[in-house]
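Please look over the sequence and the model before reading on.

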Amino acid sequence: MSFSHLDHDTLRQWQGNGTAHKVVDIRDPMSFSQGHIPGSCHLDNTSVGDFVERTPQESAVVVVCYHGHSSQQAALWLAGQGFERVYSLDGGFTHWQHQHPDQVVRDDGVGSR
């Protein structure tokens with residue numbers, strides 16, 4: 001039970017070529033609402049049980065935090081729950097936002113979709 005690191009270019013390629021994956025963002029709810037990767041879902045203590053129950057364990061799961069540190073612990077935990085392909089996004093959302101400003105969505109609908 002382990003996880004892998006994922007760089008931003010690979011995630012961008014997955015988005016562009018239709019590679020199946022789920023992006024889960026573990027930042028606080030306000031930060032998530034102010035900007036997140038398109039298609040990502042917010043994952044916290046109240047939603048993680050439902051996510052684990054409803055998501056096939058063979059799904060590729062990419063965990064995003066602020067800077068790529070906390071996501072490693074969350075990715076390890078998800079791998080321990082039986083997920084086979086878990087990734088921690090290197091650099092986190094902060095790096096993503098700087099590298100791909102056109103690929104940031106806010107909950108008020110502003111940004112790319």
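## Basis of the report

The model is predicted: local features need pLDDT of at least 70, side-chain atom pairs count only at pLDDT 80 or more, and totals for chains, interfaces and linings use all residues. Residues are numbered from 1 along each chain as its sequence is written, and side-chain values use heavy atoms, with hydrogens and water left out.

Helices (H or I, at least four residues) and strands (E, at least two) are DSSP runs, numbered from the N terminus.

## The packing of H1 and H5

Two packed helices are described by the angle between their axes and the distance between the axes. Helix H1 (residues 8–17) packs with helix H5 (residues 92–99) at an angle of about 70 degrees, and their axes are 11 Å apart. Axes here are lines fitted to C-alpha atoms, for helices over the stretch in contact, and angles run from 0 to 180 degrees between N-to-C directions. H1 and H5 are therefore roughly perpendicular to each other, a term for angles of 65 to 115 degrees.

In this pair, His 8, Leu 11, Arg 12 and Gln 15 of H1 meet Gly 92, His 95 and Trp 96 of H5; contact means heavy atoms within 4.5 Å. By class, the contact of H1 with H5 has two nonpolar, four polar and one charged residues. Ala, Val, Leu, Ile, Met, Phe, Trp, Tyr, Cys and Pro count as nonpolar, Asp, Glu, Lys and Arg as charged, and the others, Gly among them, as polar.

## Buried faces of the helices

His 8, Leu 11 and Trp 14 are the buried residues of H1, where buried means under 20% relative accessible area and exposed over 50% (1.4 Å probe, protein chains only). They cover an arc of only 120 degrees around the axis, which puts them on the same side of H1; the arc is that of the directions from the helix axis to the C-beta atoms. On the other side of H1, Asp 9, Gly 16 and Asn 17 are exposed.

In H5, the buried residues are Gly 92, Phe 93 and Trp 96. Their arc around the axis is only 110 degrees, which puts them on the same side of H5. These buried residues of H5 pack against H1, S4 and S5.

## Ser 88 and Phe 3

Ser 88 lies in strand S5 (residues 85–89). Ser 88 counts as buried because its relative accessibility is 0%. Leaving aside residues up to four places away in sequence, Ser 88 touches residues including Phe 3, Leu 6, Val 63 and Ala 75.

Phe 3 is found in the segment before strand S1 (4–6). The C-alpha atoms of Phe 3 and Arg 85 are separated by 6.9 Å, although these residues are 82 residues apart along the chain.

Methods: Parallel < 35°, antiparallel > 145°, perpendicular 65-115°, else oblique.
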